[in-house]
Amino acid sequence: MKVLLYGRFGQVPSELFDLVSQTKLDIVTQNPEVVITFGGDGTLLGSEAVYPGIPKLPLKNSEHCHLCYANPNQELLELLENGQLITKKFIKLQTKIGKRTIHAFSDIVIAHKYPNHAIRFVLPQHQPHTYIGDGL
């Protein structure tokens, strides 16, 4: 199986490389079947932004990964290697801003480029009311 390794800020920690190198998984830098993340929830979310739609196996490097499996990392890699991992799907959000479509994993934050200015926006369901705020 072709796997791509993804760590915090897109860097691959040597600990993750060493861990996966002990398996029969094929480490690649493009066109992976699975992205293996190593970090916490933020690392998993970052990998989805860079590699959307590709299945992820989040391995934790601390106790702060609520989206990670509880199993030890080595056990998870063995399950992946043997095709025995159970897939869990998450609902993704989608919004359109102008002609641009944005997908997100847990939330979408809209903020103004200049923090001392307010944002004005209209929700299609509430037209013609204009909302004004610091962000959405």
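A residue is called buried when its relative accessible area is under 20%, exposed when it is over 50%, and partly exposed in between (1.4 Å probe, protein chains only). At 70% relative accessibility, Phe9 therefore counts as exposed.

The structure is a predicted model, in which local features need pLDDT of at least 70 and side-chain atom pairs count only at pLDDT 80 or more, while totals for chains, interfaces and linings use all residues. Residues are numbered from 1 along each chain as its sequence is written, and side-chain values use heavy atoms, with hydrogens and water left out. The predictor's confidence in each residue is given as pLDDT, from 0 to 100. Its mean over the protein chain is 86, and 96% of the residues reach 70 or more. Helices (H or I, at least four residues) and strands (E, at least two) are DSSP runs, numbered from the N terminus. Confidence is highest in strand S2 (residues 26-27), at a mean of 97, and lowest in strand S7 (residues 119-121), at 80.

An open sheet is formed by four strands in the order S2-S1-S3-S4, with parallel pairing. The edges are taken by S2 and strand S4 (56-60); each has a single partner strand, so one side of each lacks a neighbour in the sheet. Two strands are taken to pair if DSSP finds at least two bridges between them. Strand S1 (residues 2-7) pairs with S2 in the parallel sense over two bridges. Along this pairing, Lys2 stands opposite Asp26 in S2, and Val3 stands opposite Ile27 in S2. S1 is mostly covered, as five of its six residues are buried.

Helices lie across this sheet. Contact means heavy atoms within 4.5 Å; axes are lines fitted to C-alpha atoms, for helices over the stretch in contact, and angles run from 0 to 180 degrees between N-to-C directions. Helix H1 (residues 14-21) lies across S1, S2, strand S3 (34-39) and S4, and runs at about 160 degrees to S1. Helix H3 (residues 73-81) lies across S1, S3 and S4, at about 160 degrees to S4. In H3 the buried residues are Asn73, Leu76, Leu77 and Leu80. Viewed down the helix axis, these residues fall within an arc of 100 degrees, so they line one face of H3; the arc is that of the directions from the helix axis to the C-beta atoms. The buried residues of H3 pack against S1, H1, S3 and S4. After H3 comes Gly83, with a positive phi near 65 degrees.

One aromatic pair is found in a search of the whole structure. Rings of Phe, Tyr and Trp (its six-membered ring) pair if their centres lie within 6.5 Å; planes under 30 degrees apart count as stacked, over 60 as edge-to-face and the rest as tilted. The ring centres of Tyr6 and Tyr51 are 6.2 Å apart and the planes stand at 85 degrees, so the pair is edge-to-face. Tyr6 lies in strand S1 and Tyr51 in the loop between helix H2 (41-50) and S4, 45 residues apart. Tyr6 is buried, with a relative accessible area of 10%, whereas Tyr51, at 22% relative accessibility, is partly exposed.

Most residues other than glycine have a negative phi. Phe9, in the loop between S1 and H1, has a positive phi of about 60 degrees although it is not a glycine. Asn31, in the loop between S2 and S3, has a positive phi near 55 degrees and is exposed at 59% relative accessibility.
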